[in-house]
Amino acid sequence: MSRRRVMVVAYNFPPVAGTGIERTIKHVIYLPDHGWQPVVVAPANPAARVVDRASLVRVPTGTEVHRAPSLEPAHARGLMRRLLRKDAADVQAGSASATASDAGGSTALRRLLNAAWARIIPALFFPDEQLLWVPSAVAVGWRAHRRHPVDVLYSSAPPFSSHVAAGLLKARIGVPWIADFRDPWIGNSYARPLGPVHRRMQAALERWMVHRADRVVFSTARMGEYYAARYPDRADRFVVIPNGYDLADLEAAEASVSRDDRTDDGTFRLLNAGSLHGADELPLFLDGVERLLARRPELADRLRVEFLGWFSAANETLAARRLPGLAPVVQHVDFLPRDEAIPRLAAADAALLLMADAPGRDQVVGTRLYEYIGLDKPILAVIPPGEARRTLEQLDWGIVADPTPEGVAEGLGRILEAPAPGRRADPERAYERRTLTARLARIFDELAPEGTGGQ
């Protein structure tokens, strides 16, 4: 029996990099094991913050990928930044007429343009900056379906333009649609606050997505509970499939770690793997480190905390001001490709999960937590009550601390003294990617048991 076909509409797909692609790329890798052949619709020229062309090797050979051109304001922003950097470099190179005021003027102009961009672009591009990708994604997906019909649609968001494109494709193709919310839309505490007009538009568009989809998948149970309360008439169509870890990836990463990668100099390495978007996490953590070192200054020779990943602009500014005073205890390493980042995590003594207490954070479980679990890595989780805590409590794993400076200081002291766990974090492998993809495939089987091909 030939495989049925699922059209996967996903903006976050290689060469886009970062944790946002993991859920989708792993489904694409493992769905064929369950009788489903992915047909991917992804951007041809993504303007994501991190693009890693080398990540294209992660797409399985033979996967049908259709690239749709993406017109995004970020392309113009990138050009503008390059021009401004060139202008600043010319000033610093020191032409005879260049002055300090020239350099200051260039910096002030960059700040002014960034501030204007932050206000204007969200007002014009809704639901997100990928809005102009939608028409080409729909056209490309429709052409792919006409050549070889698909049986179901699956889309992954954010960005939520992916759901818009999939919803429009459903109207044309007429096959079941599964909308996967990796993060909440309404109630996302990391999102920029919206004005009243955009809030009404967001509510209307989210309602359209939820009512149009045949199944809505959420990455956390708490998120599913919020959506069930908001859309009780659709709650019977809601499914929770958490994020997870790929055991094959993690075993390969551990095998690649050399003896030189593991410290034996008496230092304790605590690694936070992943981007830091929120404005509150880094300052409360640094305050906690300072509090701990004030009490126990001898730990400055023993503790090494490494932040590995992209920092928001606010966190970059804070890091530039405060990290020099905490070196070498706290360090920041910018984004690394996944095949370099995971071995670095595997070599660490423990992993850090950091999340401030804010409305909506109880729905969040970062992808990095599951990879910590898959590596059986001791975890210091500085997090508020919510889904992440519930996950660790169910596994009886990790040290949990309140997201306050005192909680950080107390948690660091505990993780430094804690004995190494003598068991696996997830002995049943409940969060293994193959297992989770099998659950998604069962939804496809339910909605298209024989395949429909849009008929």
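## Burial and overall make-up

A residue counts as buried when its relative accessible area is under 20%, as exposed when it is over 50%, and as partly exposed in between, with a 1.4 Å probe and protein chains only. By that rule, 53% of the 455 residues of the chain count as buried. The structure is a predicted model, in which local features need pLDDT of at least 70 and side-chain atom pairs count only at pLDDT 80 or more, while totals for chains, interfaces and linings use all residues. Residues are numbered from 1 along each chain as its sequence is written, and side-chain values use heavy atoms, with hydrogens and water left out.

The chain holds 15 helices and 13 strands; these are DSSP runs numbered from the N terminus, helices being H or I of at least four residues and strands being E of at least two. Contact is taken to mean heavy atoms within 4.5 Å, and among contacts between residues at least 6 apart in sequence, 79% join residues at least 24 apart.

## Two nonpolar cores

A nonpolar core is a set of buried Ala, Val, Leu, Ile, Met, Phe, Trp, Tyr and Cys residues joined through side-chain atoms within 4.5 Å. The largest one has 41 residues, and those with the most contacts inside it are Met7, Val9, Phe181, Met209 and Tyr227. Helix H4 (residues 133-147) gives the most to this core, with 6 residues. Apart from this core lies another, of 35 residues, among them Leu250, Val257, Val333 and Tyr370.

Once neighbours within four places in sequence are left aside, the contacts of Phe181 include Ala157, Phe160, His163, Met209 and Tyr227.

## The parallel sheet

Strands of a sheet pair through backbone hydrogen bonds, either parallel or antiparallel. Here, an open sheet of 6 strands has parallel pairing and the order S10-S9-S8-S11-S12-S13, where two strands are said to pair if DSSP finds at least two bridges between them. Its edge strands, S10 (330-333) and S13 (399-401), each pair on one side only.

Strand S11 (residues 350-354) is joined to strand S8 (residues 268-273) by 2 bridges, and Leu270 stands opposite Ala350 in S11. With S12, strand S11 pairs in the parallel sense over 4 bridges, and Ala351 stands opposite Ile379 in S12. Between S11 and S12 the chain passes through helix H12 (residues 367-374) in a right-handed β-α-β crossover; right-handed means that, with the strands pointing away from the viewer, the path from the first strand over the helix to the second runs clockwise.

Because 5 of the 5 residues of S11 are buried, this strand is largely enclosed by the rest of the structure. Ala350, Leu352 and Leu354 lie on one side and Ala351 and Leu353 on the other, so that both faces are covered.

Helix H11 (residues 338-347) contains Ala347, which is buried, with a relative accessible area of 7%. The C-alpha atoms of Ala347 and Ala253 are separated by 9.3 Å, although these residues are 94 apart along the chain.

Helix H14 (residues 405-417) has 13 residues, which at 1.5 Å a residue should span 18 Å, in agreement with the 19 Å between its end C-alpha atoms; the expected span is 1.5 Å times one less than the number of residues. Its buried residues, including Val408, Leu412 and Ile415, pack against S8, helix H9 (281-295), strand S9 (303-308), S11, strand S12 (379-382) and S13.
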